[in-house]
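Trainee: I want to learn how to read a model like this one. Where do we start?

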Amino acid sequence: MKRSFKSLFSFFTESWTELKKVRWPNRKELTNYTLIVLGTIVVVALYFWVLDIGISFVIESII
């Protein structure tokens with residue numbers, strides 16, 4: 001029991017140390033990254049929407 005508590009404490013200590021090393025993005029970088037993600041989502045959604053319409057058209061033509 002004591003050994004597992006010590007390893008758990010060690011895990012959280014090491015995790016905290018690693019989090020201190022992280023370089024967090026500033027506001028401008030975060031805004032740019034967010035816009036890139038949202039743009040990518042829109043492009044992928046439009047792609048699947050067009051693909052869905054195309055497949056639906058082909059299925060309707062067959063039936």
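Mentor: With a cut-off. A residue counts as exposed over 50% relative accessible area, as buried under 20%, and as partly exposed in between. Keep in mind that this is a predicted model.

Trainee: Is phenylalanine 12 buried or exposed?

Mentor: Phenylalanine 12 has a relative accessible area of 51%. The cut-off for exposed is over 50%, so phenylalanine 12 is exposed. Phenylalanine 11 has 49%, so that residue is partly exposed.

Trainee: What share of the 63 residues of the protein chain counts as buried?

Mentor: The share is 0%. The protein chain exposes about 6500 Å². Carbon and sulfur atoms supply 73% of that area.

Trainee: How many helices and strands does the protein chain have?

Mentor: There are two helices and zero strands. Helix 1 covers residues 2-21 and includes phenylalanine 12. Helix 2 covers residues 27-62 and includes leucine 38. Leucine 38 is partly exposed, at 47% relative accessible area.

Trainee: How do I judge the overall form? What is the radius of gyration of the protein chain?

Mentor: Set the value against a reference. A compact globule of 63 residues would come out near 11 Å, but the protein chain has 24 Å. Then check the box along the principal axes: the C-alpha atoms fill roughly 70 × 40 × 10 Å.

Trainee: Which distances between C-alpha atoms go with that picture?

Mentor: Take two pairs. Phenylalanine 12 and leucine 51 are 39 residues apart along the chain, and their C-alpha atoms are separated by 47 Å. Leucine 38 and arginine 23 are 15 residues apart in sequence and 23 Å apart in space, C-alpha to C-alpha.

Trainee: Next, the rings. What describes an aromatic pair?

Mentor: Two quantities do: the distance of the centres and the angle of the planes. The structure holds two such pairs. Phenylalanine 11 and phenylalanine 12 form one of them, with 5.3 Å centre to centre and 65° between the planes. That pair is edge-to-face.

Trainee: Why is the pair of tyrosine 47 and phenylalanine 48 edge-to-face?

Mentor: Look at the angle. The planes stand at 70°, and over 60 degrees counts as edge-to-face. The ring centres are 5.3 Å apart. Tyrosine 47 is exposed, with a relative accessible area of 51%.

Trainee: What does UniProt place at residues 30-50?

Mentor: An unreviewed entry there gives the feature "transmembrane region". In the model, that span is 100% helix and 0% strand. Its end C-alpha atoms lie 30 Å apart.

Trainee: Last, charge. How many positive and negative side chains are there?

Mentor: The protein chain has 8 positive and 5 negative side chains. The centres of the two sets lie 23 Å apart.

Technical notes: Residues numbered from 1 in each chain as written. Predicted model: local features only at pLDDT ≥ 70, side-chain atom pairs only at ≥ 80, totals over all residues. Heavy atoms only, no water. Helix = DSSP H or I, 4+ residues; strand = E, 2+ residues; numbered from the N terminus. Rg over C-alpha atoms; globule rule 2.2 N^0.38 Å. Buried < 20%, exposed > 50% of the residue type's maximum accessible area, 1.4 Å probe, protein only. Areas by Shrake-Rupley, 256 points an atom, 1.4 Å probe, with all protein chains shown as cover. Lys, Arg positive; Asp, Glu negative; His and termini not counted. Charge placed at Lys NZ, Arg CZ, Asp CG, Glu CD. Phe/Tyr/Trp six-rings, centres within 6.5 Å; stacked < 30°, edge-to-face > 60°. UniProt positions renumbered as here; feature names shortened; annotations may be inferred.
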